[in-house]
Amino acid sequence: MAEIQMRGLTKRYGNETVPAVDGVDLTISEGELVVLLGPSGCGKTTTLRMVAGLEQPTAGELCFDDQVVNDVPPDRRNVGMVFQNYALYPHMTVRRNLAFGLQARRTSKEEVARRVDAIAELLGLENLLGRRPKELSGGQRQRVALGRALVREPSVFLMDEPLSNLDANLREQTRLELARLHSELRITTVYVTHDQGEALTLADRIVVMKDGRIVQVGTPDDLYWRPSDTFVAGFIGSPGMNLWTVPWTDDGEGVSLGRALWLPRDVLPALEAIGPTVTVGVRPEHLACSAEGRRGEVACRAELVERLGSHVQVHARLDEGGGDGQRLVARLDATTGVVAGRDLILSAPLSGVHLFHPVTGRRVDTGDHLAAVDAPAGLVGVGASHSSLSGMGRSATGLRPRSATARSSRVTVPVPTGPPAGAVRSGGTRVDLT
Amino acid sequence: MQDRLTAYGLMLPATAVFLVFFYVPAMYLLYISFFHWGILSSATRFVGLANFRLLFHQPLFVHSLVTSAYYTVVMIPATVLLSLGIALLLKDGLARRGGGIWRGAVFLPHVTPIVATAIIWIWIFNPHFGLANFVLTSVGLPALGWLQSVHWALPAVMIDSLWHSLGLYVIIFLAGLASVPRELVEVARLDGARRHQVFSRIIWPLISPTTFFVTVLATVSSWQAFSQIYTMTGGPHGGAGGPAFATTTDALLVYQTAFVYGHFSLAAAMSVILFGIIMALTLVQRWISNRVVFYR
């Protein structure tokens with residue numbers, strides 16, 4: 001297995017002024033599975049193709065195990081790749097597809113047969129070896145493409161949106177299969193996708209790209225709980241984070257954002273540094289229905305309610321005071337009983353509130369005063385929001401364990417009208433912010 | 001019913017043209033091949049297979065078949081290899097440096113009238129001041145008689161035919177090559193295949209339908225070669241097919257038998273035989289294609 005290093009990797013096509021990939025610096029450790037994630041045209045596939053050797057970098061260095069491979073042709077990089085459309089040789093049987101790479105490298109017949117049979121067994125292709133690709137289903141083709149890339153025992157494994165042609169059920173099955181394969185084989189893997197679900201479930205680390213540049217590199221938890229800017233905040237999560245820009249005021253007890261949201265005063269230094277307004281972000285799944293009219297809660301009107309079985313997705317418009325009539329999306333428990341046209345009071349835990357610079361969009365460092373708070377508190381209160389999070393299989397506060405109080409609060413609890421300085425009160429639980 | 005009438009109505013003009021100018025003359029040609037028939041004579045007499053028997057006792061007819069076969073056997077591989085080679089060059093190499101201009105340059109001879117290209121090549125093959133002999137002598141090779149030589153007249157005609165027809169076949173091969181997904185070539189390179197392996201094991205099988213199509217077209221047009229031979233070796237002043245019948249192909253002999261010597265029944269019988277040969281070759285090619293051509 002190889003370690004991959006990219007140093008200022010750049011790709012510019014022809015005389016285009018805007019590079020497709022612009023100075024990417026990234027190290028991928030041996031055996032790591034890194035997902036390149038971003039919208040169409042962000043440069044993720046171009047980066048992958050440069051790693052494969054199918055595109056020549058315009059500038060920068062690409063190294064495998066400290067060896068510069070910029071000028072090494074693809075056939076000498078020992079890279080296996082799965083393409084979006086599988087790229088199976090249509091005129092060859094599955095066996096010949098699997099054997100082609102080994103035969104091209106003049107492997108002995110016995111060894112070719114042994115390795116093809118082994119990979120066919122690993123991927124459950126034994127009964128398909130005599131068929132041609134057009135006689136296979138999408139999932140079977142996908143497995144053959146995986147097998148063809150793996151049979152050569154590559155030191156780097158590249159996948160370019162390999163699940164995008166599969167239906168939803170098959171995609172989920174294959175995703176699990178890929179995770180199992182990676183944990184068994186531990187081949188250094190670079191995986192390109194625009195599907196954040198795939199990225200969050202498969203990756204050791206995710207690289208979010210935009211306009212040819214890396215925006216953030218981190219674990220799935222990092223990206224979910226500490227997005228570096230509003231782009232990542234909006235891109236990660238489905239639907240993306242609610243973002244709205246509001247003025248803030250210090251009312252002596254806390255900081256009011258607009259006329260509804262409320263934060264403890266500890267965030268004051270950070271807010272003073274960025275000016276009179278701040279962009280606030282709350283994920284839809286961190287919002288929950290709350291008691292009416294309490295301080296620190298978001299008043300809005302439900303405009304559209306999508307029923308998605310286990311939960312409902314509410315598209316609402318904030319009341320004037322809360323966010324100047326801006327829209328928000330909330331993912332609420334299916335039993336909430338929200339209907340379109342009704343007024344709604346929503347709350348969120350402090351750990352689910354993110355602050356961003358209103359102009360640059362960069363994350364505002366609050367010194368962990370928000371992210372570190374385990375219990376629902378402050379502008380919020382409510383364990384119900386955590387109940388929706390528990391369905392995601394992650395702790396409500398990301399890397400930190402949740403408090404027993406918060407975990408057990410599944411219904412609306414007493415919402416504070418304002419906590420004492422330096423502390424946030426929630427459900428009778430006092431939490432120090434310092 | 002309305003739809004059916006509309007369909008027949010739309011088909012009528014094309015059907016009428018084919019009937020009047022193709023099927024009826026073809027049927028009539030088949031008819032007169034069994035008769036003694038003259039264009040100015042009213043005495044038409046059924047002779048059965050006599051015309052066909054007579055032909056196979058004519059050394060010139062047998063010679064023309066051999067010449068046509070030789071012409072075809074050389075032209076098919078030359079056409080396929082050269083047009084595929086040029087198409088590969090245009091696709092991979094020259095495409096990056098003014099590909100459109102190169103494609104246009106290759107296709108230009110095909111849209112030039114064949115008589116015009118033949119006249120250009122007559123000049124090129126002139127034994128005394130032609131470009132071909134100038135090039136040969138410049139590199140120390142002896143000058144050739146070209147169109148005045150029994151051995152070199154047919155190769156000279158072949159060169160002209162290739163030059164004229166290659167553009168079309170190059171375009172067909174370019175279309176075939178464009179249909180090969182780029183990912184297949186890339187994945188083969190990642191699999192460790194060298195350039196020649198990528199071509200022989202991936203590209204060549206995938207463009208086999210195109211190759212088959214070009215082969216059939218080249219076969220038919222080679223057996224029917226007429227205009228370039230007629231223009232380069234004789235023209236309206238007579239003597240086409242020379243020197244010493246070295247360039248007398250079957251199609252040329254059909255023309256001469258009918259319109260120079262006035263033996264229409266014999267020419268019709270020759271045409272029927274030519275049709276049979278082309279049909280047989282096409283069927284053989286089709287039989288082979290079912291075994292070696294890969295259709296996606």
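Guide: Let's start with a term: rings of Phe, Tyr and Trp (its six-membered ring) pair if their centres lie within 6.5 Å, and planes under 30 degrees apart count as stacked, over 60 as edge-to-face and the rest as tilted. This is a predicted model, where local features need pLDDT of at least 70 and side-chain atom pairs count only at pLDDT 80 or more, while totals for chains, interfaces and linings use all residues. Residues are numbered from 1 along each chain as written, chains are lettered from A in the order written, and side-chain values use heavy atoms, without hydrogens and water.

Visitor: How many aromatic pairs does the structure hold over all chains?

Guide: There are 23. Take Phe226(B) and Tyr230(B): they are stacked, 5.4 Å centre to centre with 20° between the planes.

Visitor: And which pair is tilted?

Guide: Tyr255(B) with Phe259(B) is tilted, at 5.6 Å between centres and 35° between planes. Both sit in helix H12 (residues 250-260) of chain B, four residues apart, about one turn of the helix. Helices here are DSSP runs of H or I, at least four residues, numbered from the N terminus.

Visitor: Is Phe259(B) buried or exposed?

Guide: Buried means under 20% relative accessible area, exposed over 50%, partly exposed in between (1.4 Å probe, protein chains only). Phe259(B) has 57%, so it counts as exposed, whereas Tyr255(B), at 27%, is partly exposed.

Visitor: What lies over the face of Tyr224(A)?

Guide: Arg283(A), at 4.4 Å from the ring centre. A charge sits over a ring if NZ of Lys or CZ of Arg is within 6 Å of the ring centre and within 35 degrees of the ring normal.

Notes
Helix = DSSP H or I, 4+ residues; strand = E, 2+ residues; numbered from the N terminus.
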